[in-house]
Amino acid sequence: MEHLPLLVGVTGGIGSGKSTVCAILAQMGCELFEADKVARELQLEDPGVILGIEEIFGSGVYSRDPAGRLSIDRKAIAAVVFSDPEKLAALNRLIHPKVREAFLREVRRCTREGKKILCKEAAIIFESGMEGELDRIIVVAADNDLRVERAMARGIGTREEVRKRMQAQWPQERLIERAHYVIFNDGTLEELRTQTEQVYKSLMSLIPSD
């Protein structure tokens with residue numbers, strides 16, 4: 001008899017470290033669906049998404065190299081959407097339904113293959129209303145100044161640009177209020193791993209034995 005995997009959302013603001021937590025969960029045996037990565041792929045591969053983005057931001061956000069490979073100016077788009085809520089909403093309306101379709105395909109695969117836990121890493125779970133499709137939600141949180149430093153180290157932008165992105169997202173306190181689990185990423189990698197292992201054990205205890 002097939003059983004749905006436990007569907008776990010992993011979210012957190014920019015620079016919180018949710019990708020690191022997901023990598024640890026994957027090492028423990030969880031399946032991982034990276035919603036933001038799928039969204040980036042759609043922006044380069046899905047003709048409908050490409051057309052929609054050009055309608056929202058103009059065709060200048062796309063370019064091709066001499067070999068014909070398509071690229072997108074993500075920094076230009078970020079500069080617009082994090083100061084224009086309407087365009088951010090339009091972008092989300094364009095991409096989120098397709099990301100959801102991809103996630104449902106992954107749920108079906110995990111069900112067929114008897115996987116126990118499927119983690120969905122996404123920057124906006126509560127904001128997009130997808131929490132109702134998930135069994136548990138983990139929020140990864142960290143000190144705001146530390147988040148800014150991490151984001152800058154990843155080349156996301158200047159201090160001001162990173163803070164603008166943070167202001168466009170839900171505040172951490174609001175995410176924490178709605179989480180089933182909170183992992184605080186203010187310390188060492190080993191401390192982060194210990195917290196993540198504890199959450200993993202709790203998740204595994206929710207899975208009924210056959």
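**Exercise 1.** State which strands helix H9 lies across, and at what angle H9 runs to S7.

*Solution.* Helix H9 covers residues 189-204. Helix H9 lies across S1, S5, strand S6 (136-141) and S7. Its direction is at about 165° to S7. Helices (H or I, at least four residues) and strands (E, at least two) are DSSP runs, numbered from the N terminus. Axes are lines fitted to C-alpha atoms, for helices over the stretch in contact (heavy atoms within 4.5 Å). Angles run from 0 to 180 degrees between N-to-C directions.

This is a predicted model, in which local features need pLDDT of at least 70 and side-chain atom pairs count only at pLDDT 80 or more, while totals for chains, interfaces and linings use all residues. Residues are numbered from 1 along each chain as its sequence is written, and side-chain values use heavy atoms, with hydrogens and water left out.

**Exercise 2.** Give the strand order of the open sheet and find its edges.

*Solution.* Five strands form the sheet, in the order S2-S5-S1-S6-S7, with parallel pairing. Strand S2 (31-34) and strand S7 (181-184) are the edge strands, since each pairs on one side only. Two strands pair if DSSP finds at least two bridges between them. From one strand to the next, the twist averages 25°. Within the sheet, S1 (residues 6-11) and S5 (residues 117-121) are joined by five bridges. Glycine 9 stands opposite lysine 120 in S5.

**Exercise 3.** Describe the salt bridge of arginine 109 and glutamate 31.

*Solution.* A salt bridge is a side-chain nitrogen of Lys or Arg within 4 Å of a carboxyl oxygen of Asp or Glu. The structure holds 11 of them. In this one, the N to O distance is 2.8 Å. Arginine 109 is in helix H5 and glutamate 31 in strand S2, 78 residues apart. Both residues, arginine 109 and glutamate 31, are buried.

Key. Buried means under 20% relative accessible area, exposed over 50%, partly exposed in between (1.4 Å probe, protein chains only).
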